[in-house]
Amino acid sequence: MAGSVPPALQLQSLDALEERHPDLVVEVAHPKIIHESGAQILRHADLLVGSPSALAEQTTEQQLLEASSHWGHAVFVARGALWGAEDISRLDAAGGLQSLRVTMATHPDGFRLEGALAAASSTGPRTVLYEGPVRGLCPLAPRNSNTMAAAALAAPSLGFDSVIGVLVADHSLTDMHVVDVELRGPPGTTGQSFAVHTHRENPAQPGAVTGSATFSAFWLSLLGCCQLPSRPGIQLR
């Protein structure tokens, strides 16, 4: 922040957060911040989580819910690159969602992988690095699984354990992030199921973790938080 943010506006320690009397704290750094300080922040302000992969850790989610309820502050979660979040939530609330699958593909340089996936390598032009429950993916790709985590929050009947996340390394996608969302409802009386498949191509700088269109989506989430009353609980924005 040196040279761009006046020293008086810089907060060197979260222990001094109360002195600033904030209305809203926005996290756009890493899920580690939410793990370590999310509950502390909620003592003093509403919280907008920009790294929803943090909520895949059940202990963190429970701590946030308890702190939110105790202090009366809201936990907002940015939807980021998730297209159709409201439709997913409505369908889920109506009992019409049976499966949800989110695939994110980009160039290998756009990944920031950890744990077992850190040593993963693409063996061809297009390689599936992970396919399985979103809860298992989030700690391995905390910066590349936020769209999938948002989907899990949008569909609580499925949640992190039943929403499927797929991470794909594609050498042809040098300047783009591609997100496919596939959902299906239970069979009806005719045996046919309601189904939706969205395909989102988000331009991105080579090697970037975040696509360009996601910035504006996040900004709109931030503005939406400022217009909502503060109430306890976790809310996808």
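Student: Why is Asp161 called partly exposed?

Tutor: Asp161 has a relative accessible area of 46%, and partly exposed is the class between buried (under 20%) and exposed (over 50%), using a 1.4 Å probe and protein chains only. So 46% puts Asp161 in the partly exposed class. Quick background: this is a predicted model, where local features need pLDDT of at least 70, side-chain atom pairs count only at pLDDT 80 or more, and totals for chains, interfaces and linings use all residues. Residues are numbered from 1 along each chain as its sequence is written, and side-chain values use heavy atoms, leaving out hydrogens and water.

Student: What makes Arg135 and Asp161 a salt bridge?

Tutor: The rule asks for a side-chain nitrogen of Lys or Arg within 4 Å of a carboxyl oxygen of Asp or Glu. Here the N to O value is 2.8 Å, so the pair qualifies. Arg135 sits in helix α5 (residues 134-137) and Asp161 in helix α7 (residues 159-162), so the pair ties together parts 26 residues apart in sequence. Helices are DSSP runs of H or I with at least four residues, numbered from the N terminus.

Student: How do you know that Arg135 is buried?

Tutor: Its relative accessible area is 19%, which falls under the 20% limit, so Arg135 counts as buried.

Student: What makes Arg90 and Asp87 a salt bridge?

Tutor: Their closest N and O atoms are 3.7 Å apart, so they pass the 4 Å rule. Both residues lie in helix α4 (residues 85-93), 3 residues apart, about one turn of the helix, and both are exposed.

Student: How many salt bridges does the rule give?

Tutor: The count comes to 6.

Terms used:
Helix = DSSP H or I, 4+ residues; strand = E, 2+ residues; numbered from the N terminus.
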